[in-house]
Amino acid sequence: VQLQASGGGLVQPGGSRRLSCAASASIFGISVMGWYRQAPGKQRKLVATITTGGSTNYAASVKGRFTISRGNAKNTVYLQMNSLKPEDTDVYYCSLNLRGAQYWGQGTLVTVSS
């Protein structure tokens with residue numbers, strides 16, 4: 001399964017951005033899709049995850065500002081980011097955990113700066 005992420009770019013502080021990620025194949029069964037972030041030289045960190053059933057989990061730093069959702073076909077995941085802060089600047093990676101196998105997208109850079 002390949003994951004294709006898109007939607008990164010430059011946004012001003014306080015602005016919004018929507019990231020999208022699509023899997024190359026239909027997903028059957030229980031799965032968890034999510035978004036992680038990583039700065040150069042640092043560990044990848046959880047942003048948010050969502051299960052097939054719609055249960056969500058957020059990092060404390062984004063709770064109330066970011067919203068994760070999945071498409072009806074369950075092979076897409078979105079991250080709506082509002083009230084962006086300069087410290088949200090990172091490369092964002094989408095992920096899929098399917099029957100114990102972990103897949104990663106290629107990363108999309110979000111830069112929050114005036």
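In these exercises a residue is called buried when its relative accessible area is under 20%, exposed when it is over 50%, and partly exposed in between, with a 1.4 Å probe and protein chains only. The structure is a predicted model, in which local features need pLDDT of at least 70 and side-chain atom pairs count only at pLDDT 80 or more, while totals for chains, interfaces and linings use all residues. Residues are numbered from 1 along each chain as its sequence is written, and side-chain values use heavy atoms, with hydrogens and water left out.

**Exercise 1. The salt bridges**

Task: find how many salt bridges the structure has, and work out which residues are linked in a network.

Solution. Side chains of opposite charge can pair when their charged atoms come close. The rule applied here asks for a side-chain nitrogen of Lys or Arg within 4 Å of a carboxyl oxygen of Asp or Glu, and by this rule there are 3 salt bridges.

Step 1. Arg 37 and Asp 88 meet through their side chains, with 3.6 Å from N to O. Since Arg 37 belongs to strand β4 (residues 31-38) and Asp 88 to the loop between β8 (76-81) and β9, this pair ties together parts that are 51 residues apart in sequence. Strands here are DSSP runs of E with at least two residues, helices are runs of H or I with at least four, and both are numbered from the N terminus. Both Arg 37 and Asp 88 are buried: the relative accessibility is 5% for Arg 37 and 2% for Asp 88.

Step 2. Arg 37 also forms a salt bridge with Asp 90, where the closest N and O atoms are 2.9 Å apart. This pair links strand β4 with strand β9 across 53 residues, and Asp 90 is buried as well, at a relative accessible area of 9%.

Step 3. Asp 88 meets Arg 65 in a further salt bridge, at 2.8 Å from N to O. Here Asp 88, in the loop between β8 and β9, is linked with Arg 65, in the loop between β6 (56-58) and β7 (66-70), the two being 23 residues apart. Arg 65 has a relative accessible area of 11% and is therefore buried.

Step 4. Put together, Arg 37, Arg 65, Asp 88 and Asp 90 are linked in a network of salt bridges.

**Exercise 2. The disulfide**

Task: determine which cysteines the disulfide joins and why the pair ties together parts that are apart in sequence.

Solution. A disulfide is a covalent bond between the sulfur atoms of two cysteines, and the criterion used is a pair of cysteine sulfur atoms within 2.5 Å.

Step 1. The structure holds 1 disulfide, which joins Cys 21 to Cys 94 with an S to S distance of 2.1 Å.

Step 2. Because Cys 21 lies in strand β3 (residues 17-23) and Cys 94 in strand β9 (residues 90-98), the link ties together parts that are 73 residues apart in sequence.

Step 3. The link of Cys 21 and Cys 94 is right-handed, with 50° about the S-S bond. Cys 21 is buried at 2% relative accessibility, and Cys 94 is buried at 0%.

**Exercise 3. The surroundings of Asn 75**

Task: locate Asn 75 and say which residues it is in contact with, leaving aside neighbours within four places in sequence.

Solution. Asn 75 is placed in the loop between β7 and β8 and, at 15% relative accessibility, counts as buried. With contact taken as heavy atoms within 4.5 Å, and with those sequence neighbours left aside, Asn 75 is in contact with Cys 21, Ala 22, Ala 23, Ala 25, Ile 27 and Met 33.
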